[in-house]
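The questions below do that, one term after another.

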Amino acid sequence: MAKLIVNQEKVGNKQELINICPFGAIEEKDNLIQINAACKMCKLCVKKGPAGAIEYVEEAVEAIDKEQWRGIAVYVDHIDGAIHPVTYELIGKAKELAAKINHPVYAVMMGHHIQTQCEELLHYDVDKVFVYDKEELDRFKMEPYTKAFEDFVGHIKPTAILMGATPVGRQLAPRLAARLKTGLTADCTILDINENTDLVQIRPAFGGNIMAQILTPNHRPQMATVRYKVMDAPKRKEEVSGEVINCVIDSKELGSKVSVLDIIAKEKEQFIEASDVLVVAGRGVKKEEDLELLRELADILGGQLACTRPVMEAGWLAAKCQVGLSGRTVRPKLIITCGVSGSVQFTAGMNNAEQIIAINKDENAPIFKTAHYCLVGDLYEILPEIISRIKAGKPISA
């Protein structure tokens, strides 16, 4: 960790020092120079300011005993006991990581009357399932769930925690990380682990222009969230292995300032994540009315219409139809991209599809590096031909 120290007696002209910072991070309060949260630690004020006015100090970080932290834990995301599929994907990844460092795999489940669901997890080679079965945990509420999870970490000390980037996971993970004073990397696309148990967390950064490799070497546990359909789920085994451990926590510890008065079931809808076939509209679609051409193709194939960010921002399709890291991560059997350039943010959200067909008139479009089949040409000429061939029962490749 590093910090800036202001030596007020050496500041001199305050306004000149304030003007040095391009981020507006230096300000005057109560006749004193202060550094605010806008600071990027660029050290420009140290270099160009009066000598000794601002000092850059590296704080020594106390080394953690990594031997005391063992196991990779997966949070079991569920609604009324129905386990979210991302949980099984994370268990598969946890097993892969744990095998490299010879650690056990844990599952952590919180709720009420969930014994049957906990036993189901034993069909996926989990070493131990830690269950907090309390009436106070019947529905997700931030304070009691965080407290129960904190109790688990305090007793078991896992070296890493994996959570799904679901509505619950995206609330619980940062709250827990703050409580444990550790790091959290959101929306990881790749996970690996070093021999010293440091979790390698990889995700796109700076608008998708780079793939950032993030480590948390001085804190435990290490925490990461992963989107649904990014990892591979293991096959369910008929036999059972591992054990279920019922955890004890005082009900007084599970208080909440939030009370659930009523639950109104939302009308079920089909999400693009569940579709086996997707036709994706990109910037190459000229106007909103032209989406009907793509929708026709999607309907013929029994799929759904999806889009990239520019199409969503234009208001042509809803945000729930957007593919990519700022939208939804998908893994269909077939995806056809139409006029999509193929940014890193987009391809990271769909590159695990079984078959990818890309249509773009720019032969240098990045999407062609990801696609299995590349059609260079005008989508307005190619799509009608594909549709007519499918309707006529003719092969597309002929």
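Q: Which residues lie nearest the centre of the second largest pocket, and how many residues line it?
A: Thr308, Arg309, Pro310, Ser343 and Phe346 lie nearest the centre, and 24 residues make up the lining. This is a predicted model, in which local features need pLDDT of at least 70 and side-chain atom pairs count only at pLDDT 80 or more, while totals for chains, interfaces and linings use all residues. Residues are numbered from 1 along each chain as its sequence is written, and side-chain values use heavy atoms, with hydrogens and water left out.

Q: What makes a space a pocket, and what makes it a cavity?
A: On a 1 Å grid over the protein atoms alone, a pocket is an open set of points with protein on both sides within 12 Å along at least five of seven lines, whereas a cavity is a set of points where a 1.4 Å probe fits but cannot get out; in both cases lining residues have an atom within 4 Å of a point. A volume is the space filled by probe spheres set on the points, which are joined across faces, edges and corners. Of the 35 residues lining the largest pocket, Ile79, His84, Thr166, Pro167 and Phe271 are the closest to its centre.

Q: What classes of residue are found in the lining of the second largest pocket?
A: Ala, Val, Leu, Ile, Met, Phe, Trp, Tyr, Cys and Pro count as nonpolar, Asp, Glu, Lys and Arg as charged, and the others, Gly among them, as polar. On this division the lining of the second largest pocket has 6 nonpolar, 15 polar and 3 charged residues, while that of the largest pocket has 15 nonpolar, 7 polar and 13 charged.

Q: How many cavities of 30 Å³ or more does the structure hold?
A: There is 1 cavity of that size, and the volume of the largest cavity is about 90 Å³. Its lining has 13 residues, with Leu4, Cys21, Cys39, Cys42 and Cys45 the closest to the centre, and by class it has 11 nonpolar, no polar and 2 charged residues.

Q: Why is leucine 254 called buried?
A: Buried means under 20% relative accessible area, exposed over 50% and partly exposed in between, with a 1.4 Å probe and protein chains only. Leucine 254 has 3% relative accessibility and therefore counts as buried. This residue is found in the loop between β16 (243–246) and β17 (277–281), where helices and strands are DSSP runs numbered from the N terminus (helices H or I, at least four residues; strands E, at least two). Contact means heavy atoms within 4.5 Å, and leucine 254 touches residues including Lys134, Leu137 and Pro144, when residues up to four places away in sequence are not counted.

Q: Is lysine 181 buried or exposed, and why?
A: Lysine 181 has a relative accessible area of 67%, so the residue is exposed. Lysine 181 sits in the loop between α6 and β11, and its phi is near 55°, a positive value in a residue other than glycine. Aspartate 187, in strand β11, also has a positive phi of about 55° although it is not a glycine, but at 13% relative accessibility aspartate 187 counts as buried.

Q: What makes β19 and β20 a pair of strands?
A: Two strands pair if DSSP finds at least two bridges between them, and strand β19 (residues 334–338) and strand β20 (residues 355–360) pair in the parallel sense over 5 bridges. Among the partners, threonine 337 is bridged to alanine 358 in β20.

Q: Why are β18 and β21 said to stand at the edges?
A: The 5 strands form an open sheet with parallel pairing, in the order β18-β17-β19-β20-β21. β18 (304–307) and β21 (373–376) each have a single partner strand, so one side of each is left without a neighbour in the sheet.
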